[in-house]
Amino acid sequence: MSSSNSVSSSWVTESGASSGGPQCYCGVTTYMKTSYTEHNFGRRFYSCPNYKIKRACEFFAWVDPPMCEHGKRVLKHMRDRQERLNVDKKSANPEGGG
């Protein structure tokens with residue numbers, strides 16, 4: 001895994017984060033996250049969990065290699081479709097029962 005000093009909280013989401021990653025330079029266990037930026041859409045990485053509170057040690061390590069453009073398009077399409085299904089489900093059941 002490689003490391004980089006460019007971590008920005010505006011790029012990422014923590015949905016589906018899994019624990020048990022390497023320790024960052026702060027000595028804290030990192031969590032796997034997924035990038036949803038245009039350039040690295042769908043790529044997983046580990047980063048310092050303190051980045052949200054501005055104490056980040058700048059630890060960053062990619063898990064996945066860069067994805068091809070076709071793979072990014074397919075993954076975006078799947079995510080968009082899942083979001084539409086979630087909206088349709090909420091519309092069909094406005095009381096939130098399922």
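The side chains of Glu 38 and Lys 76 form a salt bridge with an N to O distance of 2.7 Å, the term standing for a side-chain nitrogen of Lys or Arg within 4 Å of a carboxyl oxygen of Asp or Glu. A search of the whole structure finds four such salt bridges. This is a predicted model, in which local features need pLDDT of at least 70 and side-chain atom pairs count only at pLDDT 80 or more, while totals for chains, interfaces and linings use all residues. Residues are numbered from 1 along each chain as its sequence is written, and side-chain values use heavy atoms, with hydrogens and water left out.

**Links between distant parts of the chain**

- Glu 38 sits in the loop between β2 (31–35) and β3 (44–47), and Lys 76 belongs to helix α1 (residues 69–92), 38 residues apart; helices (H or I, at least four residues) and strands (E, at least two) are DSSP runs, numbered from the N terminus.
- Glu 38 is exposed, at 63% relative accessibility, where exposed means over 50% relative accessible area, buried under 20% and partly exposed in between (1.4 Å probe, protein chains only).
- Asp 64 and Arg 44 also meet through their side chains in a salt bridge, at 2.7 Å from N to O.
- Because Asp 64 lies in the loop between β4 (60–62) and α1 and Arg 44 in strand β3, this pair ties together parts that are 20 residues apart in sequence.
- Asp 64 is buried at 17% relative accessibility, whereas Arg 44 is partly exposed, at 33%.

**A pair within helix α1**

- Lys 72 forms a salt bridge with Glu 69, with 3.2 Å between the closest N and O atoms.
- Both residues of the pair Lys 72 and Glu 69 lie in helix α1, three residues apart, or about one turn of the helix.
- Lys 72 counts as buried, with a relative accessibility of 7%.
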